[in-house]
Amino acid sequence: MAAGEGVKLIGHLASPYALRVEWALKLKGIEYEYIHEDLSNKSALLLQCNPCVPALLATFTKQGEEQEKSAKEAQEILKTLESGLEGKPFFGGETIGFVDISAAWIEIWTKINEEITNIKLVDEKTMPLLCVWFQHVLENPIIKECLPPREKLVEHIKGFRSRSMAAST
């Protein structure tokens, strides 16, 4: 890296991918510059660094029976994830590791999904270990510091859902 250059993280507040990288950088104590990206008007820097920006996937655009079926499938997947926590506070043991960083955004998304669709994917009765784990990870001061503003995230996800639902009809 040339003198004067440092790590630059190009992200969007609703991107779980950028959030994971930010968490990892913070946990490792690596200094970086966060560059917020407007995905509706991609910057030259973003296009230069990543010419194939992945499209956001619709995760909750179904309705009725299809939505209920999708929710049950998601709950089964989350129960499988929870099984990796038996006997330890984090997936890797006593400290936050790769899997924790990779999966912690699920809590943020499930809570917002619940607010928007009224479908609860995770609860303390059916997935107690996962609920405790979410709390441990997201209450970590470094992780907490990097969380995007909830109101902006809810607004973004509601808009994304509306556009996705309109496109599917």
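This is a predicted model: local features need pLDDT of at least 70, side-chain atom pairs count only at pLDDT 80 or more; totals for chains, interfaces and linings use all residues.
Q: What makes two strands a pair?
A: DSSP must find at least two bridges between them. Strands (E, at least two residues) and helices (H or I, at least four) are DSSP runs, numbered from the N terminus. β1 (residues 7–11) and β2 (residues 32–36) are joined in the parallel sense over five bridges.

Residues are numbered from 1 along each chain as its sequence is written, and side-chain values use heavy atoms, with hydrogens and water left out.

Q: Why is the β-α-β crossover called right-handed?
A: With the strands pointing away from the viewer, a right-handed path from the first strand over the helix to the second runs clockwise. The chain goes from β1 through α1 to β2, and this crossover is right-handed.

Q: Why is Ser15 called buried?
A: Buried means under 20% relative accessible area, exposed over 50%, partly exposed in between (1.4 Å probe, protein chains only). Ser15 has 17%, so it counts as buried. Ser15 sits in the loop between β1 and α1.

Q: Why does Asn118 count as exposed?
A: Its relative accessibility is 67%, so Asn118 counts as exposed. Asn118 lies in the loop between α5 and α6. Its phi is positive, about 65°, although Asn118 is not a glycine.

Q: How do you know that the span of α1 is close to the expected one?
A: The expected span is 1.5 Å times one less than the number of residues. α1 has 13 residues and reaches 18 Å from first C-alpha to last, close to the 18 Å expected. Gly29 follows α1, with a positive phi near 75°.

Q: What makes the largest nonpolar core a core?
A: Such a core is a set of buried Ala, Val, Leu, Ile, Met, Phe, Trp, Tyr and Cys residues joined through side-chain atoms within 4.5 Å. The largest has 31 residues; those with the most contacts inside it are Trp23, Val122, Leu130 and Trp133. Its largest share, six residues, comes from α6.
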